[in-house]
Amino acid sequence: MRRKAVIGNWKMHGSRADNAALIEAIVAGAADSSAECAVCPPFVYLHEMARLLRDSAIVLGAQNVCAEAQGAYTGEVSAAMLKDVGCHYVLVGHSERRTLYGEDNALVARKFVAVHSRGLAPVLCVGETLAERETNQTQQVIAAQLDAVVTLCGIQSLEQAVVAYEPVWAIGTGHTATPQQAQDVHAFIRQRLAGQDAKIAAELRILYGGSVKTGNARELFAMSDVDGGLIGGASLKADEFLAILAAAQP
Ligand code: PEP
């Protein structure tokens, strides 16, 4: 039985004061959650958030990482640094990184390796654009995104990872995938990985992301291959995020 997870991606929002208030409300509201709850604040707030989360079950994650281990990479942050400040999860391959910052499958796979090799848990984001969906390329695009990681890092690396299916056309747009659309892609992801290792595929948590809200979370999370959500906009409001977390509980 896979434990459901809800991960908040705060993107580039908030301030010290905003984030402290948000995290305090989440800590208070998530105390009895049977589903896993995690938040990914911007880099500069991670250290302080780790302190505020110290006595809670809420897990800390980062939104990005450098593929290199250390050195002359001005402005970058390594996996070791993220581990040092208390992160457990690291998003790799978020569609905003892929589209706005030119991260291709090869770079995303290298970032995945960097995270995995430090003992952190990568959250590998995959998903197709609207044009790709409309030209029936969804499976092909997602297969290439998965294969790049499995080829470089090996199927065993998925044991510590989470996959997030995030159709690009659903992120921040208010257009959520239907539960059946999400289920179909999640089942495809699981089936493709099962071709390499059935046990790892069966145990892998596959989250859905893309305009998840209180009104649609429960029916999305009820699908058999949807193991929770990666939440953007709705994770910035404690009451909405907590309601989504509640929808992930049986
Ligand atoms: C995201 O940024 O990963 C995301 C899913 O955003 P939103 O929930 O706002 O669509």
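Asn 64 is buried, with a relative accessible area of 10%. In this predicted model, Asn 64 belongs to the loop that runs between β3 (59-62) and α3 (79-84). Beyond its neighbours within four places in sequence, Asn 64 is in contact with Phe 43, Leu 82, Val 90, Leu 91, Arg 97, Glu 103 and Lys 111. The C-alpha atoms of Asn 64 and Pro 42 lie 9.1 Å apart, with a separation of 22 residues in sequence. One of the contacts of Asn 64, Leu 82, is also listed with the residues of the largest nonpolar core that touch the most other members.

The protein contains eleven helices and eight strands. Its radius of gyration is 17 Å, which agrees with the value near 18 Å that a compact globule of 250 residues would have. Along the principal axes, the C-alpha atoms fill a box of roughly 45 × 45 × 35 Å. Of the 250 residues, 53% are buried. Among contacts with a separation of 6 or more, 72% join residues 24 or more positions apart.

The largest nonpolar core comprises 69 residues, and the members touching the most others are Ile 26, Val 39, Leu 82, Leu 158, Ile 189, Tyr 208 and Phe 221. Another core, of 14 residues, lies apart from the largest one and includes Val 123, Cys 125, Val 162 and Leu 207.

Empty space within the model was examined next. Rolling a probe the size of a water molecule over the atoms shows where such space is left. A search of the whole structure finds one cavity of 30 Å³ or more. The volume of the largest cavity is about 40 Å³. Its lining is formed by Gly 93, His 94, Ser 95, Arg 98, Cys 125, Val 126, Gly 127, Gln 145, Glu 166 and Val 168. Two or more of the lining residues come from each of α4 (95-100) and β5 (121-126). By class, the lining of the largest cavity consists of three nonpolar, five polar and two charged residues.

Open spaces were considered separately. The largest pocket has a volume of about 450 Å³. Fourteen residues line the largest pocket, and those nearest its centre are Lys 11, Met 12, Gln 63, Arg 97 and Tyr 101. The element giving the most to this lining is α4, with three residues; α4 also contributes to the lining of the largest cavity. The lining of the largest pocket divides into seven nonpolar, four polar and three charged residues. Arg 97, one of the residues nearest the pocket centre, is in contact with Asn 64.

Lys 11, also among the residues nearest the centre of the largest pocket, is placed in the loop between β1 (5-9) and α1 (16-29). Lys 11 is buried, at a relative accessible area of 18%. The phi angle of Lys 11 is near 50°, a positive value in a residue other than glycine. A positive phi, of about 55°, is likewise found at Asn 136, which is not a glycine. Asn 136 is situated in the loop between α6 (130-134) and α7 (138-153). With a relative accessibility of 72%, Asn 136 counts as exposed, whereas Lys 11 is buried.

The second largest pocket holds about 240 Å³ of space. Its lining has 16 residues, of which Met 1, Arg 2, Lys 4, Ala 248 and Pro 250 lie nearest the centre. These lining residues comprise nine nonpolar, three polar and four charged.

Arg 2, one of the residues nearest the centre of the second largest pocket, is in contact with Asp 225. Asp 225 occupies the loop between α10 (214-221) and β8 (228-231). A relative accessibility of 13% places Asp 225 among the buried residues. Besides Arg 2, and leaving aside neighbours within four places in sequence, the contacts of Asp 225 are Gln 183, His 186, Ala 187, Arg 190 and Ile 206. The C-alpha atoms of Asp 225 and Ile 7 are separated by 17 Å, the two residues being 218 positions apart along the chain.

How values were computed. Residues are numbered from 1 along each chain as its sequence is written. This is a predicted model: local features need pLDDT of at least 70, side-chain atom pairs count only at pLDDT 80 or more; totals for chains, interfaces and linings use all residues. Side-chain values use heavy atoms; hydrogens and water are left out. A nonpolar core is a set of buried Ala, Val, Leu, Ile, Met, Phe, Trp, Tyr and Cys residues joined through side-chain atoms within 4.5 Å. Buried means under 20% relative accessible area, exposed over 50%, partly exposed in between (1.4 Å probe, protein chains only). On a 1 Å grid over the protein atoms alone, a cavity is a set of points where a 1.4 Å probe fits but cannot get out, and a pocket is an open set with protein on both sides within 12 Å along at least five of seven lines; lining residues have an atom within 4 Å of a point. Grid points are joined across faces, edges and corners, and a volume is the space filled by probe spheres set on the points. Helices (H or I, at least four residues) and strands (E, at least two) are DSSP runs, numbered from the N terminus. Ala, Val, Leu, Ile, Met, Phe, Trp, Tyr, Cys and Pro count as nonpolar, Asp, Glu, Lys and Arg as charged, and the others, Gly among them, as polar. The radius of gyration is taken over C-alpha atoms; the globule rule is 2.2 Å times the number of residues to the power 0.38. Contact means heavy atoms within 4.5 Å.
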